[in-house]
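Here's a quick tour of a protein model for anyone just getting started with structures. Have a look at it first, then read on.

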Amino acid sequence: MCDTPMAEDSNRDEDTTTLGIRKETDHQNLRMYDPSMAEDSNRGEDTTTSGMIKDTDPYFTNMKFLTKWNDYQLFKLTKLYRDRLEQAIEEDLDEISSQLAYEKHLSGQEHQKVIELMENGNRADSSKLLLNLVMGKGSVARRMMWECFVKMCHRLPKLDKILNEIQELGFEPFDRMNMAQGLSEVPSNLKAVQKKHKEALQVQTETLRVDPILIKEKVKTFQLVDQYTELTLISAVRNWTLVEHELLARGRDHDEWREKHLQREVEKIRIDHLFQSSFSWVGFLLQKVRNLFWQSSSGSSAVVSGVPGIGKTTIVQKIVYDWAVGKIYPHFQFVFSFKFRDLNSINCRINLRNLILDQYSYFGNVLGELWKNPEGLLFIFDGLDEFKDRIDFADNQRSTKPQSMCTDPECWCEVSDIVYSLIQHKLLPGCSVLVTTRPTALHLLEKAEISVWAEIMGFVGDERKEYFNNCFKDQNVAAAVFRYVEENEIMYTMCYNPSYCWILALSLGPFFTQRDRKQKHVPKTITQLYAYYIYNILENHGREIENPRDVLLKLGEMAFTGISEKKIVFTNEDLIQYNLQPSQFLSGFLMELLERDDSVHSVVYTFPHLTIQEFVAALAQFLTSNSGDMQKLLSDAHRMEDGRFEIFLRFVIGLSSPQSSKPLAKVLGPFCHKIICQVIDWVKEMVGEQIRNSANKLDPRNLLNTLHYMFESQNKKLLQEIMESAEKLTLCYLRLTPIDYLVLSHVIEFCDSIRCLDMRNCYIQYEGLQRLNPILHKCRALRLSFNEFGDSGVKLLSAALRNPDCKIEELSLEENNLTDSCAGDLAFALNMNRSLTALYLGNNKLGDSGLKLLSVALRNPDCTIQKLHLADDGLSASCVEDLVSVLSTNQSLTSLDLSNNELKDSGVKPLSVALRNPNSKVRELILKEVGLTTSCAEDLASTLSASPALTILNLGYNKLGDSGVKALSEALGNPNCKVQKLRLSENGISASSMKDLACALSSNCSLIELDLSRNKLRDSGVKLLSTALGKSKCKIQKLRLDDNRLTDSCTDDLASALNSNRTLTELNLEYNSFTDKSVPALCRIIMNCTGLAWIKLWENKFSSNGKNQLKSLQDTRRGLNVVLSAC
């Protein structure tokens, strides 16, 4: 596309260079768009081809949609998306502003103000200003801004998401929506009750109860506006279901989310944008379009999820308070907030009228007036996960059975039906609903009519520090506590959760405020931390009851049942069932352990945090006099795959350690020794077996949990005993957190050495590698491929290689963004190291300069490297001189992989000469896809004939052709040829060279593997090849003929040739055109080749009957595999 005349005009009224505006000259950068080009079908080019490009080009598609939107529609669209556009364009403000100024839509002064804000770090304000300016300029500037958005969206994920949404919806749904919903006047007969309602809600929500950090302090109340700290919400929900403990799962996700946030992929959402914003409007529209139905009501439903203690209830309190004081959502005339834990006590049918009157009695007889304007109503339901009744929106019966559907606020039905019908807009269509829940209940809402999904991510960055500063009056204590937490990876990672921060502050505060405590005893593990948390409570309240051990035992039994049943809310009946008196929980230490919540209908109790419930449940196991079968309990818990017992198990194992039990034993008495022994024995047996079998089928996540168990034990003798048998630790594909690195380092520290640590695809960056650095030298095989630690990470690894006690024999570093910058450090380490024998550096960017540095170390006579893999490392023929010098002096190198480098014929020819050196030890040479042609075949053939060691040669994916194969065949016929494995896949080989190859195979006694896949041998080529396969001197064991355009015509020849073959063990005939006509011949091959273990036949043209005939032969011989499908 050409630029418009405006873009080409160089005679500007002012010098644009003085404005700091970049003129766009690159055709790929921002330019004005000529709509006529999208409509002009009379081009001289091939319209079929160009049409295909236009249809699939996102840029063209987005530009095309702009031409269809008139100015007013674009104005509405900008207003709708404004809050999200402000986030989406923050990273490229300078480019948008520059283009708008260049096109004279912004003045130089306006542009400078935008840039100034951005450069001062105020990108949000800069973005807001830019949109304000453009909205005030008129339709031409607005359209120009959207054209900029289209050009930039490919590099701004949030912007790209917005444009995709608009594309999916089209403009018709937007026209049908009244996005500028006005503030409906409250009827005069409702103004008094609205005022009373707001006043009542303000009183209920204006204060925030904060439990004391130091036990002896009293519970404090603060004004909500003074104490409330904004939590980060994101406009997305991950993982409908979790297979591990929620706190741990979100702890791991937190770092991942922060990374995505830095990459600008995640949109944040404010609490005042859950309704009446682009998030809610677009969510509503997308839902209607995708469900292929439309209703006129404008009500929407929103879900806010978060783990226990993250602040869901506090956010609800803030929303209600802000509405009551007129700060947010003025279009809602009335807001009604309910807690699911309160609704649990309603055990009879009820209607919406009475549900409201039970909690807000002052509404009296005016509710009928509210029903007339449902658009002015917001219902909030807090804690879906605590609801006793299951509300499953995927249950189709609710849509078909009248008794399950509530469509009238006066209708008597179950509470669950009222909630369901409100969310689904069957009851009071047009009202809005907000639901909060833990992630474990999200799957229930998957099929619900939800417009906005949001998740509370908790504290990010300095917000954690701010929280600790608010916890202590003495800022020196606050700083000391936070510094300790920050240095402890386990504690710091979990500090995204406010309630966890509170537990940390409560547990650690005394260590930094009491002079008689020594900071060397500060907790190091989660178990120790919680032990001191309980100890602090008991120490200050222990004398208030006669037998705290007995009470904690009963409380722990109730807590354990709760974990088993996924129950976190308890009633008076639950307490009585476990011989606990509800009156005990009105004061003292029990009030600290179990929070009492007096609701309208009943009294319920919850532990301050789910992990406290889990710790008390674990603690109870050591307080009983009846040891029972502890090992069975642990084994049953360990087998539970949904993660509910994961933290419980860590606590049980941790409490078997004297470091954790000692403070509690002072108050509760000694722990049951028999139980401690049973726990340790279980760890030895179960965990030890998992560690021993980790090289086989153990899931990496389960292995990681097992390592955490051992870390919590802090039992050095036990760790040493278990880790002595550790062969291989495989953690591939796990996104490890700082906690995980710390645990892994601690556990391996107790090994003299470990055979293999496999951490491929673990997203390891420099910081992660730094945490593992103390133990890296102990791993005989260290597999770190497909990570992200770069050159700086190699510097750490080089230090491990230089360690005098280094045991690393194999080091895999493929695809780690390595460049020549790290080659010097690596070469220096190789010069000193005497253990490393295999080095894998493929799929990096070392280049010729990097290889030159490495070659210095490789030429060292003491170099021990035997395998060197440099595939796809940006090498060229220029590096061959260094390689040749290495081959001429190195006496240890036996395997060299140079695949996927641009060596070409000119590079391979001198390499071939070096391999013919009588002193060469290279047994394996991999030259796959290096740009070889026929012209280097003679050199390679000479190497085959003369090399004293070469037994494996991979020349796949080159262009040797038939003449190249003929030259190689001559070498194969030479009695001096020692090659055992030859791979020639995809080399443009046809039947014309098969006669020469067959002749060579007839007399060659060394070749046992031949790969001719992905060529064009056809039936005639296989027939020629078959003549050699029947010869007694032919020792081929593995033969690949897949994807060679073979048909039924060649199978009889192949069967006849292999009739008496006893050496063939694998035959690959995939991706050909065999039909049922070939089945008899193939059956003969299978039956007569008694050594055949694998025959691969998938992706051919057999019928079901033919496949069954072939598959039935698999049972005729032990070890035989007839493969007819990819899986």
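This is a predicted model: local features need pLDDT of at least 70, side-chain atom pairs count only at pLDDT 80 or more; totals for chains, interfaces and linings use all residues.

Residues are numbered from 1 along each chain as its sequence is written, and side-chain values use heavy atoms, with hydrogens and water left out.

**The big picture**

- The protein has 50 helices and 26 strands; these are DSSP runs numbered from the N terminus, with helices being H or I of at least four residues and strands being E of at least two.
- Of its 1127 residues, 57% count as buried. Buried means under 20% relative accessible area, exposed means over 50%, and partly exposed is in between, using a 1.4 Å probe and protein chains only.
- Take the contacts (heavy atoms within 4.5 Å) between residues at least 6 apart in sequence: 80% of them join residues at least 24 apart.

**The cores**

- A nonpolar core here is a set of buried Ala, Val, Leu, Ile, Met, Phe, Trp, Tyr and Cys residues joined through side-chain atoms within 4.5 Å.
- In soluble globular proteins, nonpolar side chains tend to be buried together.
- Which residues touch the most other members of the largest nonpolar core? Leu664 and Leu927 do, in a core of 232 residues.
- Another core, of 74 residues, lies apart from that one, and its members include Ile271, Phe275, Val316 and Cys406.
- Leaving out residues up to four places away in sequence, Leu927 touches a list of residues including Leu898, Leu903, Val908, Leu911 and Leu940.

- A note on geometry: axes are lines fitted to C-alpha atoms, for helices over the stretch in contact, and angles run from 0 to 180 degrees between N-to-C directions.
- Handedness works like this: a crossing is left-handed if the near helix is turned anticlockwise from the far one by less than a right angle, and right-handed if clockwise.
- For residue classes, Ala, Val, Leu, Ile, Met, Phe, Trp, Tyr, Cys and Pro count as nonpolar, Asp, Glu, Lys and Arg as charged, and the others, Gly among them, as polar.
- Helices α43 (residues 904-915) and α44 (residues 937-946) pack with their axes 9 Å apart, at an angle of about 15 degrees.
- The α43 and α44 crossing is left-handed.
- Helices α34 (residues 673-692) and α36 (residues 716-723) have axes that come within 9 Å and cross at roughly 30 degrees, which makes α34 roughly parallel to α36.
- That α34 and α36 crossing is right-handed. On the α34 side, the contact includes Ile680, Val683 and Val687, while the α36 side includes Leu718 and Ile722; by class, there are 7 nonpolar, 1 polar and 2 charged residues.
- Helices α31 (residues 630-639) and α32 (residues 646-655) pack at about 145 degrees, with axes 9 Å apart, in a left-handed crossing.
- In that pair, Met630, Leu633, Leu634, Ala637 and His638 of α31 meet Phe648, Leu649 and Val652 of α32. The classes are 7 nonpolar, 1 polar and no charged residues.

**Loop residues worth a click**

- Most residues other than glycine have a negative phi.
- Asparagine 761 has a positive phi, near 55 degrees. Its place is the loop between β13 (754-758) and α38 (766-772).
- Is serine 993 buried or exposed? Serine 993 counts as buried, because its relative accessibility is 0%.
- Serine 993 sits in the loop between β21 (981-983) and α46 (994-1003). Serine 963 is 30 residues away from serine 993 in sequence, and their C-alpha atoms are 7.1 Å apart.
- Threonine 951, in the loop between α44 and β20 (952-954), counts as buried, because its relative accessibility is 8%.

Notes. Angles under 35 degrees count as roughly parallel, over 145 as roughly antiparallel, 65 to 115 as roughly perpendicular and the rest as oblique.
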